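Here is a quick walk through the model shown below. Have it open while you read.

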Amino acid sequence: MASGHHDENELLPITWPFRAAGTVMVFTTIWFCVGFAIQGQDNGHTLAGHMPIFWVGVYLTIALVIFGGVLNFYRERKRRSLLEQQ
């Protein structure tokens, strides 16, 4: 590979942080609903760490979205600088 040549896919926006955030949010929502379903049966059972785990999932989702946005911002800047050099 020549030193000035870049793979076309190398400079495309990445999507894995957003897909991971969506997956985490789905599992977080399921955890949230299951926790209230268990508590709502009036059998005295509760889901251990119900709300703390829910909030960790929400914060992790937000962090992944921000990380993906920042990463794509810098990849776009790199792509534009390489295009201007050509």
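## Starting from one threonine

Thr28 sits in helix H1. Keep in mind that this is a predicted model. Is Thr28 buried or exposed? With a relative accessible area of 6%, Thr28 counts as buried, because the cut-off for that label is under 20%.

So what does Thr28 touch, once residues up to four places away in sequence are set aside? The answer is Phe54, Gly57 and Val58. Those three names turn up again on the list of buried residues in H2.

## The partner helix

H2 covers residues 50-85, which makes 36 residues. From first C-alpha to last, H2 reaches 53 Å, close to the 52 Å expected at 1.5 Å a residue. The buried residues of H2 include His50, Thr61, Leu64 and Gly68, with Asn72 and Leu82 also on the list. As for what they pack against, that is helix H1, residues 16-39.

## The whole protein

Zooming out, the protein has two helices and zero strands.

| Quantity | Share |
|---|---|
| Buried residues, of the 86 residues | 20% |
| Contacts joining residues at least 24 apart, among those between residues at least 6 apart in sequence | 64% |
| Accessible surface belonging to carbon and sulfur atoms | 67% |

Definitions and conventions
Residues numbered from 1 in each chain as written. Predicted model: local features only at pLDDT ≥ 70, side-chain atom pairs only at ≥ 80, totals over all residues. Heavy atoms only, no water. Helix = DSSP H or I, 4+ residues; strand = E, 2+ residues; numbered from the N terminus. Expected span 1.5 Å × (residues − 1). Buried < 20%, exposed > 50% of the residue type's maximum accessible area, 1.4 Å probe, protein only. Contact = heavy atoms within 4.5 Å. Areas by Shrake-Rupley, 256 points an atom, 1.4 Å probe, with all protein chains shown as cover.
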